[in-house]
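Reader: Please take me through this model. I want to know what each term rests on.

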Amino acid sequence: MHPAVATLQQAARRLQHSGNMDPSKFSWMMSQLRGVTAELDASERKARNQKCDPVDITELLREVLAKAGIAVQLPDTIMVAGPDQSLRDLLTCLIEVALGARPNALDLHAEADRKFDNAREAFTIELAIQSPDVPDFLRRKLWEAARMRGGEVSIVAELDCCRIRFSLPIERRLAARG
């Protein structure tokens, strides 16, 4: 983690524990800081032009949901382009924003889709956020993740929610064993 972001996160936690901050603002602030970290990491990766091993996105999603106390039926192992930390951050932000808008109610569906790009398979996550719009930082994260991995994003505003559909091509190569 970048030292400046870590310092800001510590200050936000101190403010939260002092009781002088609304919990929803703390959640938003931490999500913003994760967004900054992800953008800094993406810039560093681009500068190094690194290739990343594929990661099991269903396992990452299970981890994020478990931390939020949610159990959802997910497909078996599905490998997509890494790196895992940027995907974990994106999934964490998606779940936090969805639960922040409507706690204890998560409308999430995930599946392997055989129709992506008319040739390749994709892993697709569909999520409804009970809000009239998706926060800008989350839109940026979604578009950046899709762009880096050759995926697709659609965000549809409805009367009572926004529906996000996020698809990433499935990788056929396995991650290197370390």
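Author: Strand 4 (residues 122-129) and strand 6 (residues 162-169) pair in the antiparallel sense over eight bridges. Ala-128 stands opposite Arg-163 in strand 6. This is a predicted model: local features need pLDDT of at least 70, side-chain atom pairs count only at pLDDT 80 or more, and totals for chains, interfaces and linings use all residues. Residues are numbered from 1 along each chain as its sequence is written, and side-chain values use heavy atoms, without hydrogens and water.

Reader: How do you know that strand 4 and strand 6 pair?

Author: Two strands pair if DSSP finds at least two bridges between them. Strand 4 and strand 6 have eight bridges, so they count as paired. Strands themselves are DSSP runs of E, at least two residues; helices are runs of H or I, at least four; both are numbered from the N terminus.

Reader: What makes strand 3 and strand 5 edge strands?

Author: The open sheet runs 3-4-6-5, with antiparallel pairing. Strand 3 (107-113) and strand 5 (152-157) each pair on one side only.

Reader: Which strands does helix 3 touch?

Author: Helix 3 (residues 57-67) touches strand 3, strand 4 and strand 6. Contact means heavy atoms within 4.5 Å. Helix 5 (residues 136-149) also packs on the sheet, touching strand 4, strand 5 and strand 6.

Reader: What classes of residue line the largest pocket?

Author: The lining has eight nonpolar, six polar and seven charged residues. Asp, Glu, Lys and Arg count as charged; Ala, Val, Leu, Ile, Met, Phe, Trp, Tyr, Cys and Pro as nonpolar; the others, Gly among them, as polar. A pocket is an open set of points on a 1 Å grid over the protein atoms alone, where a 1.4 Å probe fits, with protein on both sides within 12 Å along at least five of seven lines; lining residues have an atom within 4 Å of a point.

How values were computed: Axes fitted to C-alpha atoms, helices over the stretch in contact; angles between N-to-C directions.
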